[in-house]
Amino acid sequence: MSLLQQVLNSIKYIALWGILAHILGEALPRRWFHWDRFPYRCFSWERDGHFYESLGIRKWKDRLPDKSKYTKSTFTKQMKGHEGEDSLVRFLQETCVAELVHWALTLLAVPLYFYVPTPLGAVVASLYALSNLPFIMIQRYNRPRLARVLRRKQRD
């Protein structure tokens, strides 16, 4: 398989799964997602998101692409306009969906290597898996912060 064919096959694979993940993620019922239950609840080692601050997440999280900015039908991930309880609940559910989708894409990096079983395929599959981790971290960082805002709203 030529280098160009390896690159094209990798791009096709990633694009196909990216599009399918978007469609499936949008189709999943939000009532299935509970931010306060496993696997979405905050683990003790995450220290309510402070662990991610030690990784400098505040400096880089807004520099990564956000699909909701480019897809009109997607729930916006900007805090502005999400002051109500129902909107915050939906926002929390959306963080769970986004995390699930990015974990699925991370796992789909393994078959990418078998689709392009070359050293380049191994590199692309590894980079593809690693490229989803910052998005998972962002969801896990934002979720406890959003949950605190929701709890405050519910107390008022």
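**Figure 1. Elements covering the buried residues of helix 1.** In this predicted model, the cover over the buried residues of helix 1 includes helix 4 (85-107), helix 5 (109-115) and helix 6 (119-155). The residues of helix 1 that are buried are Gln 6, Asn 9, Ser 10, Tyr 13, Ala 21 and Gly 25. An α-helix has 3.6 residues a turn, so residues three or four places apart point the same way.

**Figure 2. Span of helix 1.** Helix 1 comprises residues 3-27, a run of 25 residues. The distance from its first C-alpha to its last is 36 Å, close to the 36 Å expected at 1.5 Å a residue.

**Figure 3. The cis peptide bond at Pro 39.** The bond joining Phe 38 to Pro 39 is cis, and its omega is near 5 degrees. Pro 39 belongs to the loop between helix 1 and helix 2 (50-53).

**Figure 4. Arg 47 with a positive phi.** Arg 47 is a residue other than glycine, yet its phi is positive, near 45 degrees. Its place is in the loop between helix 1 and helix 2.

**Figure 5. Asp 48 with a positive phi.** Although Asp 48 is not a glycine, its phi is positive at about 55 degrees. The loop between helix 1 and helix 2 also holds Asp 48. Because its relative accessibility is 43%, Asp 48 counts as partly exposed.

Conventions:
Residues are numbered from 1 along each chain as its sequence is written. This is a predicted model: local features need pLDDT of at least 70, side-chain atom pairs count only at pLDDT 80 or more; totals for chains, interfaces and linings use all residues. Side-chain values use heavy atoms; hydrogens and water are left out. Helices (H or I, at least four residues) and strands (E, at least two) are DSSP runs, numbered from the N terminus. The expected span of a helix is 1.5 Å times one less than its number of residues. Buried means under 20% relative accessible area, exposed over 50%, partly exposed in between (1.4 Å probe, protein chains only). Contact means heavy atoms within 4.5 Å.
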